[in-house]
Amino acid sequence: MLTVLLSTILLSDTVTTEKAQNLDEVVIVSETGRGRKRSAKGQVASIDEHLGELKNVNLVRRGSYAWEPVVNNMQTERLSTTIDGMKIFYACTDKMDPVTSYVESGNLQSISLNSGLDGNPQATGNIGGSLDLKLRKAGFDNDAFHASASVGHEWNGHVQVYGADAALSSHRTYLNAGAFFRHADNYKVGGGDELQFSQFQKVNVFTNAGLRLAEKDMLEATFIFDRATDVGYPALNMDVAKAEGLITSLSYKHLFRKASWETKAYYNHITHEMDDTKRPDVAIHMDMPGKSWTAGVYSLLTTSLKQHDLALNYDLYYNRLFADMTMYPGGAAPMYMVTWPDVGTLNTGVALTDNVRIARNQSLRLSAKVAWQQQRLNNEEGYHALKVFFPGMTDAYHQTTGRIAANYNFLIFKFLNCSIGAGWGSRAPTVTEAYGYYLNNTFDQYDYIGNPSLKNESAVELNGALKCSMHNAQCTIGIEGNVFLFSNYIIGQFETRLSPMTVGAEGVKVYGNISHATIANASLTAEWQLTEQLRWNGKVGYSSGRDADGDPLPLISPVSWQTELQYHYKRLQVGAVVKGNARQSNYGEKYGETAAKAWTILNLAAQYQLSIVNYQLSIRVGVENLFDKQYATYADWNHIPQKGRNIYMNLTFEL
């Protein structure tokens, strides 16, 4: 992990304290009071757009909605994504509904990133990194009443965004609630052609409440309902009729003089229904629903003892994943099969972190976690279907996973900050990798079958960072990099003895372990405060991924770059961003990937804030892809083009 000690303000539900946090980066989505937002579009920006602000994050895009986060060029299998520490699992076998798609900007405070093996306390299997989405709560002893409303419109695709929320706060109680609505039609790519099946609609309703039982004892509750309908996925063969999430939690907090203790119980239920009824010329109509249920608890104790900031966490969750498919060939009887055989996963673990202040200019962070997991296949039909390929398999498996990481940070000559770190971690195979049954992958056009005999995947991480601040921090230059050395890397492997089931599929792959693989990332960043009002920043990134044969791994970013100029005067902010990727010269041809072309685009944005007594109005306008270039990034599934020129305008009113 490339740990950067950020002195941030913890926007706690109970107290607000300044504390050093070992996070690689935090994106502020909204603020408890009045303040600037990180994204150029402000609070009406989508979760995907906020995620895109994080420096180590890329996004796999299968349509306009629900992009899949990628950290250090590793996808969902090697990441941990939590919402306020709660474990949630997607319900789609095609990863059309990542965890991040079940919340909205209107109910998020911030998104925090830990890169690599030094994850947040609730993270498990986070070889690539961990994301935690912090919910926005009114908190105790804040403004007695606060309300806001937002409206936004994007001309490309006629995207409409409406949101409203209100909050009440006192010393004894708080309550905040709100709703968000998004609607989008098909968008136009560069040059003006309409991209079919790129529409979506979504509604999100949320509420948070707190009750102070005693001066240092508090109860807090959360409820979120999220529902997306008529979601098009132009990169896939099917769309989504409904993706629905119900997320609930109840927590107890106690504050000591130099410590705090939080225990949270939670439950969430995800339903996902794929749909191809609106697609023309469907050879065989299919119904493909999926469901995910998760119940869990965690208990986190944090304390400070002399030079040590300690955190001890225990967590336990139980998740069930079930998915099936019914095919309706014309004139023949329907065909049915189970694709996720109702897998129940019980996972429990203990994590410990210690931030040690060695000296005024030196610090050491140590973290470790061990977890035990048991999985059981509860669906007899799905179990016996897999047993045909793996006669020796059983209906229950257990694994032990763990991680350990250390990071040493030191300051030289008051202007040169250095960081070096190392770690080791392992993860158990996902339900898809271990028990998936004939899951079609449109990336390489192969049907995939899970392998219950897979070994745990593990990796050693080495990382380092160097940041130089000059001229009283008016100019900073940083370089950082990491390398992940994998053992028993899990990836789909060709199986010529099996025939595909999906019409048009090239063949069948079965998940297997390869002896080793390597993923490396490096970046150079610079910031320069040219004048009091004018600031410039830029970054360049390079990544590489190779398998045991030395062949490129798929979905590894080519050289990327971005340069940004910002002007700020009183209540006016203006910015210009030029960003792009080089041509993808090293791509996973062996794994069905084709090269992505080089591209460069220009975005412009402006913001102005008006204050009238106790009211504040923020106006944001901008244009993305100013020159209407037709392009697709390396992470755009099947190279579906991005939006062409897009003009947007957003208004946010706060009381």
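The structure described here is a predicted model. C418 takes part in no disulfide, and the nearest cysteine sulfur, which belongs to C468, lies 9.4 Å away. A disulfide is a covalent bond between the sulfur atoms of two cysteines. The cut-off applied to such a pair is 2.5 Å between the sulfur atoms, and by this rule the count of disulfides is zero.

C475 is likewise in no disulfide; for this residue the nearest cysteine sulfur is again that of C468, at 8.0 Å. With a relative accessible area of 14%, C475 is buried, because the limit for a buried residue is under 20%.

## Overall dimensions

The chain has 655 residues and a radius of gyration of 24 Å. A compact globule with 655 residues would have a radius near 26 Å, so the value for the chain agrees with that expectation. The C-alpha trace spans about 70 × 55 × 50 Å along its principal axes.

## Secondary structure and contacts

Three helices and 33 strands make up the secondary structure of the chain. Among contacts with a separation of 6 or more, 64% are between residues 24 or more positions apart.

## Burial, surface and charge

Of the 655 residues in the chain, 55% are buried.

The chain carries 58 positive and 64 negative side chains. The centres of these two sets are 7 Å apart.

Most residues other than glycine have a negative phi. N638 is not a glycine, yet its phi is positive, near 55°. H639 is also not a glycine and has a positive phi of about 55°.

N638 is in the loop that joins strand 32 (615-624) to strand 33 (646-654), and H639 also lies between strand 32 and strand 33. The relative accessibility of N638 is 36%, so this residue counts as partly exposed. H639, with a relative accessible area of 27%, is partly exposed as well. The partly exposed class covers values between the buried limit of under 20% and the exposed limit of over 50%.

Note on methods
Residues numbered from 1 in each chain as written. Predicted model: local features only at pLDDT ≥ 70, side-chain atom pairs only at ≥ 80, totals over all residues. Heavy atoms only, no water. Helix = DSSP H or I, 4+ residues; strand = E, 2+ residues; numbered from the N terminus. Rg over C-alpha atoms; globule rule 2.2 N^0.38 Å. Buried < 20%, exposed > 50% of the residue type's maximum accessible area, 1.4 Å probe, protein only. Contact = heavy atoms within 4.5 Å. Lys, Arg positive; Asp, Glu negative; His and termini not counted. Charge placed at Lys NZ, Arg CZ, Asp CG, Glu CD.
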